[in-house]
Amino acid sequence: MEAFVHLVMFLCSAAIIWFFAGVLIDAVSRLATRFKLTGFIMAFFVLGFLTSIGEISVAINSTIAGVPDVSIGNLIGASFVITLLIVPLLAIAGGTVSLRGTVSPRALLMLLAVILVPVLVTLDGNVTQSEGLLALLVYGTVAFALYHTRAPGTFTVETKEDRAEPTHRYVLRVGVAAIAIFIAAHFLVEEAVFVATSLSVPASLVGLLMLSIGTNLPELVIALRSVLRSRADIAFGDYLGSAAMNTLIFGGLAVASGTVMLEPSQFIETGILMAVGFVLLFIFLRTSCQLSRWEGVVLLVFYILFLLVQTGNLIRFAVD
């Protein structure tokens with residue numbers, strides 16, 4: 001009975017994040033339109049931050065609870081989910097994801113390198129404050145370079161109905177949605193700790209498998225909406241922004257928590273799969289500036305392998 005209650009709590013928390021993510025995305029999209037921000041840049045800096053509220057909340061709450069390894073697993077798993085699950089699904093569902101005129105190959109390469117930083121510094125089994133500072137420096141440098149070398153994007157025209165809506169109402173919706181997502185993420189952390197304790201497995205492994213899906217529900221919402229609205233530039237900008245934001249959160253978490261000890265085996269396997277997947281993603285997008293349905297299927301295989309490897313780790317730790 002107790003296990004059922006915890007399952008219901010986890011599902012309810014995930015459902016709250018899903019619902020309010022939709023509210024958040026709609027409100028910030030309308031605000032960005034009002035202030036005439038381009039699709040990719042708006043999505044990278046604005047939506048990328050706002051859809052990372054779940055990860056930020058998990059990082060804060062796990063640090064307060066004394067289990068920062070939950071958040072470290074979540075952040076690395078979330079980046080894997082975004083780049084090698086959600087992006088391929090976007091290509092498969094939409095037929096293709098075209099990025100022509102949206103982001104340059106050089107900028108894409110820099111962003112993928114930023115996203116890869118957290119898993120690279122975990123390979124030795126610990127994360128130090130100096131490694132956290134390195135992650136912050138890498139993110140800041142690349143974000144600055146991206147903003148000042150941004151490609152021209154497209155502006156969304158504000159409708160008559162949108163112009164009639166006061167700006168402060170959109171701001172209020174953003175605030176309410178952000179608070180709701182933050183609170184729901186607090187309960188996600190509690191349920192993750194319960195699962196880790198019950199199964200006697202590393203908390204970081206639960207973060208890799210469970211929380212990485214739960215905190216990326218906002219990105220899944222964007223994927224569905226972008227397919228319907230044919231705005232892959234906004235979707236992809238949000239994905240890169242959200243995944244890169246995970247590196248920023250990772251750096252802040254490491255600086256705040258000090259040295260965090262981890263189980264290295266799970267991150268070595270994850271790092272190899274992520275690195276190879278990123279190389280293929282870069283090659284696919286560099287060749288034709290678009291991701292086809294079949295290329296999406298190839299990338300999705302890496303996420304399936306990730307699931308199989310981490311499920312094996314979960315079983316191994318539970319048995320031991």
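**Figure 1. Overview of the protein chain.** The accessible surface of the protein chain comes to about 13700 Å², and 72% of that area belongs to carbon and sulfur atoms. The model shown here and in the views that follow is predicted. The chain's secondary structure consists of 13 helices and four strands, and 54% of its 320 residues are buried. When contacts between residues at least 6 apart in sequence are considered, 88% of them join residues at least 24 apart.

**Figure 2. A nonpolar surface patch that includes Leu 7.** Phe 4, Val 5, Leu 7, Val 8, Met 9 and Leu 11 together form a nonpolar patch on the surface, with about 510 Å² of accessible area between them. Leu 7, one of the residues of this patch, belongs to helix α1, which covers residues 2–34. With a relative accessible area of 45%, Leu 7 is classed as partly exposed, because that class lies between the limit for buried residues, under 20%, and the limit for exposed residues, over 50%. Residues three or four places apart in an α-helix point the same way, because such a helix has 3.6 residues a turn.

Figure 3. Gly 48 is located in helix α2, which is made up of residues 39–50, and its relative accessibility of 0% places it among the buried residues. Although Gly 48 and Ser 242 are separated by 194 residues in sequence, their C-alpha atoms are 4.0 Å apart in space.

Figure 4. Helix α4, residues 68–94, has 27 residues and reaches 37 Å from its first C-alpha to its last, which is close to the 39 Å expected at 1.5 Å a residue. A kink of about 30 degrees is centred on Val 81. Just after α4 comes Gly 95, which takes a positive phi of about 90 degrees.

**Figure 5. Strand β1 at Val 97, with Gln 290.** Val 97 is part of strand β1, residues 96–98, and counts as buried at 2% relative accessibility. In sequence Val 97 and Gln 290 are 193 residues apart, whereas in space the distance from C-alpha to C-alpha is 5.3 Å.

Figure 6. Helix α5, residues 105–121, has 17 residues, and its first and last C-alpha atoms are 25 Å apart, close to the 24 Å expected at 1.5 Å a residue. The helix bends by about 30 degrees at Ile 115, and a proline, Pro 118, follows within four residues. Both Ile 115 and Pro 118 are buried, as are other residues of α5, including Leu 108, Leu 111, Leu 112 and Val 119. Thr 122 lies in the loop between α5 and β2 (126–127), and it is buried, with 0% relative accessibility. Apart from its neighbours within four places in sequence, Thr 122 is in contact with Ile 72, Ile 76, Val 127, Phe 250, Leu 262 and Phe 267.

**Figure 7. Helix α12 and Cys 289.** The 25 residues of helix α12, residues 264–288, should span 36 Å at 1.5 Å a residue, and the 37 Å between its end C-alpha atoms agrees with this expectation. Cys 289, which follows α12, has a positive phi near 60 degrees.

Conventions
Residues numbered from 1 in each chain as written. Predicted model: local features only at pLDDT ≥ 70, side-chain atom pairs only at ≥ 80, totals over all residues. Heavy atoms only, no water. Patch = residues over 30% accessible without salt bridge, like charges linked within 9 Å, V, L, I, M, F, W, Y side chains within 5 Å. Areas by Shrake-Rupley, 256 points an atom, 1.4 Å probe, with all protein chains shown as cover. Salt bridge = Lys/Arg side-chain N within 4 Å of Asp/Glu carboxyl O. Helix = DSSP H or I, 4+ residues; strand = E, 2+ residues; numbered from the N terminus. Buried < 20%, exposed > 50% of the residue type's maximum accessible area, 1.4 Å probe, protein only. Contact = heavy atoms within 4.5 Å. Expected span 1.5 Å × (residues − 1). Bend = angle between axes of the 7 residues up to and from the residue.
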